[in-house]
Amino acid sequence: MVYSYFDLNKSGYKINQYKYHQFARNRILVTTKHGGWAVLDEEEFEMLKRDKIKEDLILFKSLEENGIILTERNLERVANRQRERLSHLFNGVSLHIITPTLRCNQICSYCHARAKDIKEKKYDMDKRTARDVIDFIFESPSPEIGIEFQGGEPLANFPIVKYIIQYSKRKAEEKGKKVKYMLVSNLTMMDESILKYLIKNNVSLCTSLDGPKEVHDKNRRYINGNGTYEDVVYWIDKIKNEYKYPLGALPTITKFSLSHGKEIVNEYVKRGFESIRIRHMVNAGFASERWSQLGYSAKEFLDFWKSSLDYIIKLNQEGTNIVEGVSLIILKNILSSKHQPYTCFSSPCGAALTQLAYDYNGDIFTCDEARSFETFKLGNVKENSYEDIMTSPPALNIIGLTSGLSSICDNCVWHPYCGNCLVSSYGQHKTVIPKLPVNRECKIRGGMVKHIFDILTGSEKKNILMKWYNTTEKI
């Protein structure tokens, strides 16, 4: 909301548009669209509601500092904070997710990509398509390009991964851009020569580890039905301990996982990981088809996540350093004016804005999970230019819908720190218009933000969260 100089000078200030949530009798959270927030007692909140804040100079200064009220002194600072938070609107697509193949040697129960049998080579990307994808990518005005390989299992078509790396390096040099690489792999098709090539080319690595053997093998099996845990942890240990190379990992939580929170966290500690991002399932791909077997309510997941977070905080208090990643992302959204690159807690999110996904045949989708549904297809690199795609009504509609301004997100106290997911909404309701407040994704994300605020404003656990925040902010 923008006010003129004249408006501000009528009384010296203007109350910003705000939303509120009452945590306890004397603890009321007030938030604004630009991300400002304050915790008030009931008397202070009444003064704000009745526009009596000039009667309390300390309260006035606090609200001015946090942008709850706007004055000549803070208006530029509040505008700059909003500009920083929305900086991703103006830089072009920087994250490009490429599917070298849809083939995979595993059949994971929740696969959002609906991976194909390892023998189905018709789902491999060829060199001509790979070249077209890279040419399209480098039309982005972003000075930094991130290329992330997903699947299927990208190592099943490793020659194309190598070709893309080699060709994109030449392209980056021609265009005067920086390029970095990431590869998401189940690791079970890894070998020494592949690993050495990836390390030589500074390719960041991430894998899936759903927990200890019992949990991981329940969710992630080979096509022949055998579990994959032993092979995955072999390569995790080898990469981390023998090669001393950074490796990230994520657990995906299914209904079966809900009773194994501590064991999942302990597995990450055992494997030497310093962070774990507890990720709920997206209602897409195989997970959408099997939700009755794999899924859970928002409350069930939130209870699991909260108890797991409590356990992680307890481990930290006892001297074990491990960070819960979702908590840290939310914390950064609350405490920092900088835009956080994790798109799922941005509004608008990064779909068709900071990221695009490219299928094996050159089809362009709004994001990686969106490959599950033709609804989110924007075009094809062989037929469309970057400008065509980014100015097309489908892309602009997606960006508009993920802003939350067309739904009750706009009136939600958590909205400045959250974001909706159209893919998950579509998986649940078969429409890109979120059916709030019944939307499961909305309840989960809002519940997470609420819980972090609850800790941040009224719990001794705050010290651990602030340690995580302060450590990462210095990096």
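K213 and D217 lie four residues apart in helix α8 (residues 213–219), so about one helical turn separates them. The two residues form a salt bridge, with the closest N and O atoms 3.0 Å apart. The model is predicted. A search of the whole structure finds 20 salt bridges, while the number of disulfides is zero.

**Salt bridges of K213**

- K213 is partly exposed, at a relative accessible area of 41%, whereas D217 is buried, at 7%.
- K213 also forms a salt bridge with E230, where the closest N and O atoms are 4.0 Å apart.
- This pair links distant parts of the chain, since K213 is in helix α8 and E230, 17 residues away, is in helix α9 (residues 229–242).
- E230 is partly exposed, with a relative accessible area of 45%.

**Other salt bridges**

- The side chains of K314 and E318 meet in a salt bridge, at 2.8 Å from N to O.
- K314 counts as partly exposed at 42% relative accessibility, and E318 counts as exposed at 53%.
- A network of salt bridges links E46, K49 and R50.
- Side chains of opposite charge can pair when their charged atoms come close.

**Cysteines**

- The structure holds zero disulfides.
- C349 is in no disulfide, and its nearest cysteine sulfur, that of C367, is 6.6 Å away.
- The closest cysteine sulfur to that of C409 is in C442, at 5.6 Å, which is too far for a bond, because a disulfide needs the two sulfur atoms within 2.5 Å.
- C349 counts as buried at 11% relative accessibility, and C409 counts as buried at 11%.

Methods:
Residues numbered from 1 in each chain as written. Predicted model: local features only at pLDDT ≥ 70, side-chain atom pairs only at ≥ 80, totals over all residues. Heavy atoms only, no water. Buried < 20%, exposed > 50% of the residue type's maximum accessible area, 1.4 Å probe, protein only. Helix = DSSP H or I, 4+ residues; strand = E, 2+ residues; numbered from the N terminus.
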